[in-house]
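Notes below are in the order I looked things up.

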Amino acid sequence: MATTIRRAVIPAAGLGSRLLPLTKAIPKEMLPVGDKPVIEHTVRELVASGITDITIVVSGGKGLIQEHFRPNPALVDQLRADGKDAYADAVQEVAELSRAGHITYLDQHGPYGNGTPVLNAARHLGDEPMLVLWPDDVFVAEVPRAQQLIRAYEATNSPVLALLPMDPVDSQRYGVPVVKEDLDAGLLRISGLIEKPKPQDAPSAFAAIGGYVVTPGIIDELREQTRRWHEHRTGEVYLTDAINAYASSHAVYGQVIEGRWYDTGNPADYLVAQFAFALAHREYGPVLRKLAHEVGDQLDVATTA
């Protein structure tokens, strides 16, 4: 699949502190959602959307990510010798993702904040537009979320934010875009983001969730932020701040994503994602639905007793 955007960045250097102690030894990106680690869902989406150069920005203790995607011919041969061809095919398919996406790894360096891994990767990738997707978001959509963002970039030649409709009472959890113009088909011209506003102060009914198309102009703003940080050594470098600075004098757009979003960054949402994917599984779904009915019946009996 040919695309105007070939490159993507997955920032995966975070500590996963909201999931401790589960993430003390296991990177949060390697926690399973369904029968795949959460980061594999993101990689699969990118490869399916035509991305051919994926940079995963990591920190210490993230070696399991690399091990997961690294080819293991010896394991594949052993599985085939044991007659376990389905397992061998599954292991081989994960390695093929690494080849198709040309996955490389980059150690994070610089100040705290989610803008730093993007800037780290930009130095490696050059001055091309690139996708930035977080490894703890999983989207289920007929058209991959990454492909929807690419199409919006192709229509605007400008930075694009992934948006989802938001219940106004949840505004204090998200960055909320200031919408200047509705261009139909979910494409919105925006003038910036308000971080975690109170419901009465929310400028729109959308939340910035799940990814960006970042252009060289945004990278320039991140460089400026980082320069100021080295001068004063205060605060963090945020991608949102760079987008707002760029939007003050340039066009920025939001694309409302069609699909279902699952967040895995906190315990409750992670359990929801796990349960949803398990229910949708052809083999495990019926078992879990039966269990849910049984547990529900037991709770009903306990409540009425």
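What follows are my entries on the pockets, one arginine, the cavity and the cores.

**Entry 1: the model.** I am working from a predicted model, so I keep in mind that local features need pLDDT of at least 70.

**Entry 2: the largest pocket.** I started with the open space. The largest pocket holds about 1500 Å³, and 40 residues line it. Which residues lie nearest its centre? I noted down Arg18, Lys28, Asn114, Trp134 and Asp136. I then went through the elements that give two or more residues to this lining, and they are strand 10 (187-195), strand 11 (206-214), helix 8 (239-247) and strand 13 (260-263). Strand 11 gives the most, with 4 residues. Sorted by class, the lining of this pocket has 16 nonpolar, 13 polar and 11 charged residues.

**Entry 3: Arg18.** I picked Arg18 from the residues nearest the centre of the largest pocket. Where does Arg18 sit in the chain? I found it in the loop between strand 1 (7-11) and strand 2 (32-33). Is Arg18 buried or exposed? Its relative accessibility is 52%, and the cut-off for exposed is over 50%, so Arg18 counts as exposed. Setting aside neighbours within four places in sequence, I get contacts from Arg18 to Gly265, Asn266 and Pro267. For Gly265 I also have a distance: its backbone oxygen is 3.2 Å from a polar atom of the Arg18 side chain. I checked Lys28 against Arg18 as well; the two are 10 residues apart in sequence, and their C-alpha atoms are 9.6 Å apart in space.

**Entry 4: the second largest pocket.** I moved on to the second largest pocket, with about 240 Å³ of space. It is lined by 13 residues, and Gln148, Arg151, Ala185, Gln255 and Glu258 are the closest to its centre. Helix 6 (145-156) and strand 12 (252-256) each give two or more residues to this lining, and helix 6 gives the most, with 3. By class I get 7 nonpolar, 3 polar and 3 charged residues here.

**Entry 5: the cavity.** How many cavities of 30 Å³ or more are there? I count 1. The volume of the largest cavity is about 40 Å³. Its lining is Ala122, Gly126, Asp127, Glu128, Met130, Val214, Thr215, Pro216, Ile219 and Arg223. Helix 7 (residues 216-232) gives the most to that lining, with 3 residues. I sorted the lining residues into 5 nonpolar, 2 polar and 3 charged.

Entry 6: A reminder to myself: nonpolar side chains in soluble globular proteins tend to be buried together. Here the largest nonpolar core has 38 residues, and Leu46, Ile56 and Leu131 have the most contacts inside it. Among the elements that each supply at least two residues of this core are strand 1, helix 1 (38-48), strand 4 (53-58) and helix 4 (85-100). Helix 6 gives the largest share, 5 residues. I followed up Ile56: leaving out neighbours within four places in sequence, it is in contact with Ile10, Ala12, Ile39, Ile65, Ile103, Thr104, Tyr105 and Leu106. There is also a second, separate core of 29 residues, including Ala122, Leu163, Tyr212 and Val252. I had already met Ala122 in the lining of the largest cavity.

Definitions and conventions:
Residues numbered from 1 in each chain as written. Predicted model: local features only at pLDDT ≥ 70, side-chain atom pairs only at ≥ 80, totals over all residues. Heavy atoms only, no water. 1 Å grid on protein atoms, 1.4 Å probe; cavity = no way out; pocket = protein on both sides within 12 Å on 5 of 7 lines; lining within 4 Å. Points joined across faces, edges and corners; volume = space filled by probe spheres on them. Nonpolar A, V, L, I, M, F, W, Y, C, P; charged D, E, K, R; others polar. Buried < 20%, exposed > 50% of the residue type's maximum accessible area, 1.4 Å probe, protein only. Contact = heavy atoms within 4.5 Å. Polar contact = N/O pair within 3.5 Å; in protein donor to acceptor, adjacent residues only side chain to side chain. Core = buried A, V, L, I, M, F, W, Y, C linked by side-chain atoms within 4.5 Å.
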